[in-house]
Amino acid sequence: MRFAISLLVIICIASVVGTVLPQNQPINNYIDQFGPFWAELFDTLALFNVYNAWWFLVIMAFLVVSTGICLIRNAPGMIRDARSFREHIREGSWRAFPHRAQVRFSGPADAAARRVAQWLGQTGFRVRVVPKDQTVLVAARAGGGNRWGYIFAHAAIVIICLGGLLDSNLPIRLQIWFGGKQPIVENMRIAEVPPSGRLSINNPSFRATALLPEGGQTANAVVVVNDGALVQPLPFSLKLKDFSVDYYSTGMPSDFASEVEITDRETGETFVRTIRVNEPLTYKGVTVYQSSFDDGGSSVTVKGYGLDGVRRDDFILRGIVGQTIDIPGVNGQPAGALTFTALRPINVENLSDAGAAAPRKLGEHVAAVTGSAARDRSGEFRNVGPSLEYRLIDAAGQATDFHNYMLPITLDGYPVFLLGVRPSPAEPYRYLRIPADAQQGLDEFMMLRAALGDPEMRARAAREFAQRSYLRQGGVDGQPFSPQAAEAMQAVEASAQRALEVFASEGLPGITRFLESNVPGDELQRAAEVIVRLLMGTMSDLRAVAREQGGLEPISLDDPARLEREDMWLRLAVAALSDLSLYPAPVFFMLSGFDQVEASVFQLTRSPGKNAVYLGCLLLALGVFAMFYIRERRVWVWLRRTGDDDGEALMAMTSPRRTLDFNREFERLRQQFEQLFSTRDRRSSPAKEESHASNLER
Amino acid sequence: MQATSNDEAWTDADVIAPRRRFDWTDAVFLVALIIGAGYALMRGSAVMDFYDRAILIGAVPVLAWLAWLWRPLRRLMIALACSAGLALTLYAGDLANADQAFLLRYLLSSQSAIMWMCALFVLATVCYWIGLIARSDTALWLGTSLTWAAVFAGFTGLLVRWHESHLLGPDIGYIPVSNLYEVIILFALVTAVFYLYYEQRYATRALGGFVLLVVTAAVGFLLWYTFAREAYQIMPLVPALKSWWMKLHVPANFIGYGTFSLAAMVAFAYLVKSHGNTRSWKKLIPLFVLGVLLVAEPMVFRTEGLSAYWMMYFGVGALLTGGILAARRPLAERLPSLEVLDDIMYKAIAVGFAFFTVATILGALWAAEAWGAYWQWDPKETWALIVWLNYAAWLHMRLVKGLRGAIGAYWALIGLLITGFAFLGVNMFLSGLHSYGEL
């Protein structure tokens, strides 16, 4: 018993470890997290796959066997005991019972015994009257179902574990060890898998998955075993006709449904059914569940925007999600590899202003959370359009993930394109915001970027800025410059050009570094303000230059609203350009078109142990309730003649559980017992008086 | 035979008297239930599948049996029918009426009712403690009445919330036990109802303050969740939860959680009483630490820093624990006997364990339907197993080895820590099929 308890505790601890340590991840994740030493130690202890570890299963097996043995040993005795009335308790041991009573009765013992038996029967006991030498014993019992409860509950545990074992991956493992099956570790097509990698079509127990793109068909599923997989042929062929996702008005998915066509392999019959998350399909002993969904090979078209050097022609690439294509480089050498990781046609985001609520009075706070709980939140959520995730692997082999939204999203009052970057999958995406121009596109921004990268255009912008600032300072257009003015202008021009240079190569952090190294501390704040104004002004001129070169009309100064928007654009563009200096790739790709193909992921199982487990569950529930709410009690009443006409009745009661309830029940029974013969009004008083009185009566 | 039909003034002697007969009032109630169920079937058959209807029909005998088992439940159900029915009528199919109709706005709409429930529970706790310390029967009676009022308000809130979810959209309606917000309310209500039952059965109001401590803690969490996270808003169900299984699995689970918490609080009272004459406060340290740990448990599950609210919550909780221990002598005198406390602990854990078993089984059956595997060692499933094993061990120790007394009480308190982690911690910390995400 104590050993079993220690084993149970080990199981508990192991289970807890299994919930805290992520299970079944690639070994590299663990090495990253714990370091090589600990990762290897944990791996040896099989902590990364605890529930299938050999020692875990051995302990479980031991516990099941021990429970089974305990059950087999004790159950017959229990049943026998539950059925027996324990008639062999001797009257002499009555005094030993803590719950006892005695009463006198008159008349023959048999009649009295019958009365007792009737009373106990009415109270709910099963009664047996046993005449003995001098006494009559009325033995009663109730609540024998309690023992059955114990038997049911513990048998249930054994049955559930055995059923669970049948449905675990043990049968698969047995086939690997003894059936000559070998899991496939390399990538290969299902048709190429050798017989040692295929399970039998009559495999009685398996849990497999199948990914089907829309329109796809398969007669095989894949069983994952450790690091490899085995092919499980199915007795039917499964075709996905359509996969659909329904959405709520909030944009969250409300239903996943796959319309499938099943073709029986033997008879060729077909039928169509819809499989939903809580509505699986069962056919020929195999149950098909809607497990998840994935991309089924959508084709995407992207436009690439180069970020290095001067403006390059944008180039268009096409591919399929999941595929890797080469990025054409400058000399025909690939500049890197592009993998389309995920396409999301719908992105529902909550764009309401979070936080920044004005402080409210307590009353308003309370009022805000009362009322109906049904707030229509559909206004807060919006579908911001498709997005594409892709991975770039540069020539050095460095991989970076990107997540770009196809359409501009209005944030903080201005539409911006979001370009997400994450250096590794463990980190979240961080987004760069590129403002959308007047045509809701990226063209003007790219023009500006190219201009920023072109030294000639920078110089020109700096010159124009210097001239404009001279004019702003009161200089008159057309007049020749005074030497001081010329000098001042040149200084301004030089500063502007320098600022643009630093900004172009290192962004705003570069400007900050420049200031910190060239300006004494107390003047830093003022110098920063001056530089920023200088930069913004120069950028404005650069923009004008870029627009002119790109064939766009200059921005008119008439419309103040338009001016404000253009101002905002410029500010956002400067911020974006600064961030771009840190962008880890020389190019970014924007989704320009796609054709989505969805795929449904099904779980297919054959679970022979399921019925055993369900039976076990029923027994367990019944057993537990029986153990608590059917209380076993026993009552014995010995009736003995002590004189001609009267006798003494001794009652004793017991229960395996002596609780408060039992005490109260005993009290109640005792009171009833004492009044059972009360018509004769006999109490346990001295015998002489009784007989005297009775004689008088006669 | 003695008269035992009146279950109001049950005394010690006749607790296990034969149940009162099924009389005409029970028959009328049964008929009313049948009519109500029939009406609901007619109105709602469009959105109910076969199993939903079976559950609705099955609810009739279950509710009738509950009403016969404990008459105050019948009164509660009738009152709830009135309040929820009134709310339905006032809504008249339009959610905007929540801001127009006076009764809806201030009393009957789901959030208003739930806020009333919170206030009433807090008041009830205060009354119980005043009654306990000052030995005032009036205050204790007030405590009971306010608890009943809170239970009434809370269930009204949940029922009206159910209706509001249907008003929100044709496919959005669902029974309000689907997310953390809703189940915290359910937890508080189940614990309170079981407490009221034991209060009447054992004819003692002394435990009200203790049990309502955990209910007030739940209310505290609920209020924070409402104001800081606006979690009260009805969110449509994710596809995995759209199933009739939820109507059975979740309530059964919360009967388990509620009674386990009740048992833990009674265990706390047991230990206070058993330490009533302990002079050395070194012996009280384990109890104090355990109490403080329990107070701190919900805070541990927050992922951001600690806000002022939580610091105050912890401070108040620690003070209360220390205060109760400091006042152990007078409290011990006012608490019922150790045997009674022990009995309540056992009863509560027994019923909780039975329903927890059923709930875990239902969870496994649901998982088999939804995901194809009835047991996947998902963190929530695993922790449910651990809670189950913990209380199975407790019950084994008691029934087979006869373990009573202080060790059982400490174990029941520690059990609450484990239950709390299985309830909240798994969803917050560990990802898996049951993840609620961050708080």
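Visitor: Which residue forms a salt bridge with B:K347?
Guide: A:D661 does, with the closest N and O atoms 2.8 Å apart. A salt bridge here is a side-chain nitrogen of Lys or Arg within 4 Å of a carboxyl oxygen of Asp or Glu.

Visitor: What sort of model is this?
Guide: This is a predicted model: local features need pLDDT of at least 70, side-chain atom pairs count only at pLDDT 80 or more, and totals for chains, interfaces and linings use all residues. Residues are numbered from 1 along each chain as its sequence is written, chains are lettered from A and ligands numbered from 1 in the order in which they are written, and side-chain values use heavy atoms, leaving out hydrogens and water.

Visitor: How many salt bridges does the rule find across the interface of chain A and chain B?
Guide: The rule finds 1.

Visitor: And how many residues does each chain give to the contact?
Guide: Chain A gives 63 residues and chain B gives 72, where contact means heavy atoms within 4.5 Å. The two chains bury about 5800 Å² between them, 65% of it on carbon and sulfur atoms. Buried area is the accessible area (1.4 Å probe) that two parts lose on being put together, summed over both.

Visitor: Which residues in chain A lose the most area to chain B?
Guide: A:Y248, A:N278 and A:R664, together 12% of what that side buries.

Visitor: New topic. What is the strand order in the open sheet of chain A?
Guide: The order of the 5 strands is β1-β25-β24-β3-β2, with antiparallel pairing. Strands are DSSP runs (E, at least two residues), and two of them pair if DSSP finds at least two bridges between them.

Visitor: Which strands are at the edge?
Guide: β1 (100–106) and β2 (126–131) of chain A, each pairing on one side only.

How values were computed: Helix = DSSP H or I, 4+ residues; strand = E, 2+ residues; numbered from the N terminus.
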